[in-house]
Amino acid sequence: MKTHTSCTIHIHIIKQSMSSTTSDEGSTISSCTSNLAAGTSQEKKYKGIRCRRWGKWVSEIRVPGSQERLWLGTFSTPDGAAMAHDVASYSLRGATSLSKLNFPSMLPPTARTDLSPRSIQKAASDAGMAMDARIIASRESTPNNEGLNVSVDDYL
C-alpha cells in the first residue's frame, strides 16, 4: 500500500514539473506537455512521432521485416518530426505507403526507394529539419505586436 501512495505522489510531481517547464524563449512549452497532462496529445495528429517531456518532438521507424529501428531525429515542431517519418516510410515501403503518410502531397524529391538505411536517416532528418526551419521562420516573420514594427524612416 505504501508503494501505491509513493507512485501517486511521484506522478503528481512529474505532472507538476511538466506544466512549469519553459523553453529558451521563456514561453511555457504547451505544444505537448500541457496536452499530456490533459490526456490528449498532438502526437495522435501525426503518425510516427512522440513528444519528449521537455517539449521536443522525436521520430523513429521500424525497418520492415526486422526488429531494427531507424532513429530519424529530434525536432522542434511536430510537423518536422512527421515529415521525417514520411520520408523514411516512403523510402522503406515505396508507393504502397503513400496513403498512410502525414503529408503525402509534400514528399520531397530526396525521398527515394533505393537508399541505404543510413541514407534514409539522413534524407529523413534533412526533410524534418527543413520543415522545422520553414515553420520557425514563418513564426518569426509574423510580428506578434504591431507596436514593435518600427521603420528607420519613422525616425528620419
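The conversation below concerns a predicted model and the reasons for the words used about it.

Colleague: What makes Asn102 count as buried or exposed?

Modeller: Its relative accessibility is 17%. Buried means under 20%, so Asn102 counts as buried.

Colleague: Where does Asn102 lie?

Modeller: Asn102 belongs to the loop that runs between helix H3 (78-93) and helix H4 (117-141).

Colleague: Why is the approach of the Asn102 side chain to the backbone nitrogen of Lys47 called a polar contact?

Modeller: The two are 2.7 Å apart. The cut-off for a pair of N or O atoms is 3.5 Å, and therefore the distance of 2.7 Å qualifies.

Colleague: Which residues are in contact with Asn102, leaving aside its neighbours within four places in sequence?

Modeller: They are Tyr46, Lys47, Ala82, His85 and Asp86.

Colleague: With which side chains does the side chain of Glu60 make a polar contact?

Modeller: One partner is Arg50, at 3.1 Å; another is Arg69, at 3.2 Å. Glu60 itself is part of strand S2 (residues 57-62).

Colleague: How do you know what confidence the predictor has in the protein?

Modeller: The average pLDDT is 75, and 63% of the residues score at least 70. Over residues 1-30, however, the pLDDT is below 50. Beyond near neighbours in sequence, that stretch has 15 contacts in the model.

Technical notes:
Residues are numbered from 1 along each chain as its sequence is written. This is a predicted model: local features need pLDDT of at least 70, side-chain atom pairs count only at pLDDT 80 or more; totals for chains, interfaces and linings use all residues. Side-chain values use heavy atoms; hydrogens and water are left out. pLDDT is the predictor's confidence in each residue, from 0 to 100. Contact means heavy atoms within 4.5 Å. Helices (H or I, at least four residues) and strands (E, at least two) are DSSP runs, numbered from the N terminus. A polar contact is a pair of N or O atoms within 3.5 Å; within protein, one must be able to donate a hydrogen and the other to accept it, and residues adjacent in sequence count only if both atoms are side-chain atoms. Buried means under 20% relative accessible area, exposed over 50%, partly exposed in between (1.4 Å probe, protein chains only).
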